[in-house]
Structures are given as C-alpha cells and as structure tokens.
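Visitor: Hi! Could you walk me through this one while I look at it?
Guide: Happy to. Let's bring it up.

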Amino acid sequence: MNPAETGRRGEAAAAKYYLQQGCTLLAHNYRSRMGELDLVVQQPDGTVVICEVKTRSPGSLASPAAAVDAAKQRRLICTAQLYLQQTGRSDAPVRFDVAEVKPLDSGRWMVHIIRGAFLCKG
C-alpha cells in the first residue's frame with residue numbers, strides 16, 4: 001500500500017471511530033489557502049472537533065503525533081478559524097484532536113485519539 005492510500009485509509013478509520021461515538025461528519029479534507037483539515041466532526045453536545053489524522057505504516061518508530069509541531073498547529077488553527085467562519089459555526093465550542101492511526105496485522109486499524117492535543121491561544 002502506498003503512503004497516499006495508507007493515509008486515506010487511516011482517515012477513513014478515524015472518521016469511522018468518531019461516527020461510532022455519535023459524532024456527525026461535517027467535513028473531510030477541507031482545503032483552503034491556509035491549509036487542510038483532515039476531519040471536522042460535531043459531537044452530540046455541539047462541540048466541533050478538528051482532527052488531524054496521522055497514519056503510520058507498521059514498524060514505524062516515529063510517534064505520529066510528533067509530526068503535529070507548533071507550525072502545523074498554527075496552520076490548523078488558522079484553517080479551522082476560516083472553516084468556522086464560512087460555515088457559521090464561529091460561536092461553537094472547538095477542540096483540536098490528533099488521531100494516531102496504525103494498521104494491524106489483522107487488517108483492522110488501531111485508532112488512538114489524543115483529545116485536546118493542543119489549544120488555540122489567542
């Protein structure tokens with residue numbers, strides 16, 4: 001499986017996880033001039049969750065969440081602000097999650113959600 005396909009499947013696994021938790025999928029791969037949001041979901045309580053999905057192949061030693069550095073966080077926050085304005089959700093509570101996704105030998109996916117992985121400061 002090539003890296004792009006691995007990433008697509010990882011995003012699908014993370015989306016499935018959120019849907020199983022009762023969330024509604026608002027956007028998948030939302031793109032703007034500021035950047036891209038992998039997943040935007042809304043929890044039953046109205047909280048909008050912006051989820052950055054990091055998928056790694058089996059045997060990868062690097063922590064997927066380590067790829068979401070301060071610069072990446074700033075881009076995600078700016079893109080999320082634009083998305084929220086465009087969709088009329090600027091007043092909704094927002095949380096930024098990181099999903100670490102890894103394929104398992106069984107053909108299934110391990111999804112680990114880091115809830116509130118970072119905050120919008122300012």
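Guide: This is a predicted model. Let's begin at the hairpin of β4 and β5, which has five residues between its strands; there, Gly107 takes a positive phi near 90 degrees.

Visitor: Nice. How many bridges join β4 to β5, and do the strands run parallel or antiparallel?
Guide: Seven bridges join them, and the two strands run antiparallel.

Visitor: And what stands opposite His112 of β5?
Guide: That would be Glu100.

Visitor: On to the helices. What should α1 span, going by its residues?
Guide: Helix α1 covers residues 3-20, so its 18 residues at 1.5 Å a residue should span 26 Å. The C-alpha atoms at its ends are 26 Å apart, which agrees.

Visitor: Which residues of α1 are buried?
Guide: Thr6, Gly10, Glu11, Ala13, Ala14, Ala15 and Tyr18.

Visitor: What do they pack against?
Guide: Five strands: β1 (24-31), β2 (36-42), β3 (48-55), β4 (94-103) and β5 (109-118). Just after α1 comes Gly22, with a positive phi of about 90 degrees.

Visitor: Now α2: how many residues does that helix have?
Guide: Helix α2 has 17, residues 70-86, and reaches 24 Å from first C-alpha to last, close to the 24 Å expected.

Visitor: Which of its residues are buried, and where do they pack?
Guide: In α2 the buried ones include Leu76, Ile77, Ala80, Tyr83 and Leu84, and also Lys72 and Gln73. The buried residues of α2 pack against β1, β2, β3, β4 and β5.

Visitor: What follows α2?
Guide: Gly88, whose phi is positive, near 70 degrees.

Key: Residues are numbered from 1 along each chain as its sequence is written. This is a predicted model: local features need pLDDT of at least 70, side-chain atom pairs count only at pLDDT 80 or more; totals for chains, interfaces and linings use all residues. Side-chain values use heavy atoms; hydrogens and water are left out. Helices (H or I, at least four residues) and strands (E, at least two) are DSSP runs, numbered from the N terminus. The expected span of a helix is 1.5 Å times one less than its number of residues. Buried means under 20% relative accessible area, exposed over 50%, partly exposed in between (1.4 Å probe, protein chains only). Contact means heavy atoms within 4.5 Å. Two strands pair if DSSP finds at least two bridges between them.
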